[in-house]
Amino acid sequence: MSFIKTKGFVIQSIGYRDSNRLLKILTPEHGLITCSALGAKSKKSTLQVVSNPFVFAEYELFYYRERYRVQSASIIDAYLPLMEDIKRLTCVSHLAELVLDILRDNAKSKNSYQFWAYASYKITTDPDPVLITHLAQIKYLSEQGFAPWIDNCLICGNEFSEKGARFYFAEYGAICERDSCRNNVGSSSVIDLSHSSLLTLMYLIHNPYEKCFNMRLTEHVRQEIINYSERYLTYIMEKNYQKLDMIKSLENFEQGNIR
Ligand SMILES: [Zn+2]
C-alpha cells in the first residue's frame, strides 16, 4: 500500500451505496484512475466539492490492492461557470464520454491530461463552446490514432485546389476533384469540404493545443467543420453520441429565440 499525491480532473462521478462516490480522475502521471470517495455525497463531507464532475483538484490517494481511495483533497478550480450553463455543461459531458470511450482500452494513453486541461478550459470560457467541442474532438481522435488524411489527395497526392475536396469516410481521407482519382474508390459515405475547411482541419491536426483552440472561422466553415466532425466521430467510434443531439437542440432553441 502507498500514498500518492496528484493533480487531476474528475471526468466522471457516480454515486454508489448510500453516500459514496466513484470517481474517474484524469491525472498527469497515472493516466485515468478510478477512485472511491467514501461519504462524498454527504453535505458535511470535505470530499463533496472535490468529487463533483469536471472539477480540478489536488488529491491525496491511498493505493491498496490495485484500488485508489481519496483520503483528502483541495480544490484548484471548481469550474463553476460550467455548472450555470447547460450548453457548456453538455459540451463538456459529451467530450468526457468520448475520452472515457477512448481510454477504456488504454487508460494511460499519452496527451489525454494535457488535452483535457486545454479543452475543458476553453469550453468553459470561449464564446463558442460548441465549435470548441468539435475542434477538440477532431484533435483528440487525431492524436489517439484516428487522424483523417487531409493534407493532400489520398490517390494522386496532389495538393487540393480552391475547389476543395471530397472526404470519403470509408477511406478516412480526402480525394481531389479529378475523375481519375474519384473513380478509384468505391461508393461510400462522403462529405464535400471547401478549401477553407480543409485548411482549418490541417491547422487543427498539426498545431499544439494553445493554437488550435483559438481559431476564428466564418459561419460557413464553422458549419462545415461541425457537420464533418459529427459524422467522423460516429464513423470512427461506431456509436451515436446522444449529447451531440442535445447540443444541437440547445443551439436551435437559442437561435429561434433570437429571431
Ligand atoms: Zn487526386
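## What counts as buried

A residue is called buried when its relative accessible area is under 20%, exposed when that area is over 50%, and partly exposed in between (1.4 Å probe, protein chains only). For phenylalanine 9 the relative accessible area is 2%.

This is a predicted model, where local features need pLDDT of at least 70, side-chain atom pairs count only at pLDDT 80 or more, and totals for chains, interfaces and linings use all residues. Residues are numbered from 1 along each chain as its sequence is written, and side-chain values use heavy atoms, with hydrogens and water left out.

## The barrel

Five strands make a closed barrel in the order E1-E2-E3-E5-E4, and the pairing is mixed. From one strand to the next, the twist averages 50°. Strands here are DSSP runs (E, at least two residues), as are helices (H or I, at least four), all numbered from the N terminus. Two strands pair if DSSP finds at least two bridges between them.

Have a look at E1 (residues 2–16) and E2 (residues 20–27): they pair in the antiparallel sense over seven bridges. Phenylalanine 9 has leucine 26 in E2 as its bridge partner.

## Helices on the sheet

Helix H2 (residues 86–103) packs on the sheet and touches E1, E2 and strand E3 (31–37); contact means heavy atoms within 4.5 Å. The direction of H2 makes about 120° with that of E1. Such angles run from 0 to 180 degrees between N-to-C directions, with axes fitted as lines to C-alpha atoms, for helices over the stretch in contact.

Helix H3 (residues 112–125) packs on the sheet too, touching E1, E2 and strand E4 (56–64), and its direction makes about 55° with that of E1.

## Rings that meet

Rings of Phe, Tyr and Trp (its six-membered ring) pair if their centres lie within 6.5 Å; planes under 30 degrees apart count as stacked, over 60 as edge-to-face and the rest as tilted. The count comes to 19 aromatic pairs. One of them is stacked: phenylalanine 9 with phenylalanine 56, at 4.3 Å centre to centre and 15° between the planes. Phenylalanine 9 is in strand E1 and phenylalanine 56 in strand E4, so this pair ties together parts 47 residues apart in sequence.

Phenylalanine 9 also pairs with tyrosine 113: the centres are 5.5 Å apart and the planes at 50°, so this pair is tilted. Tyrosine 113 sits in helix H3, 104 residues from phenylalanine 9, and is buried at 14% relative accessibility.
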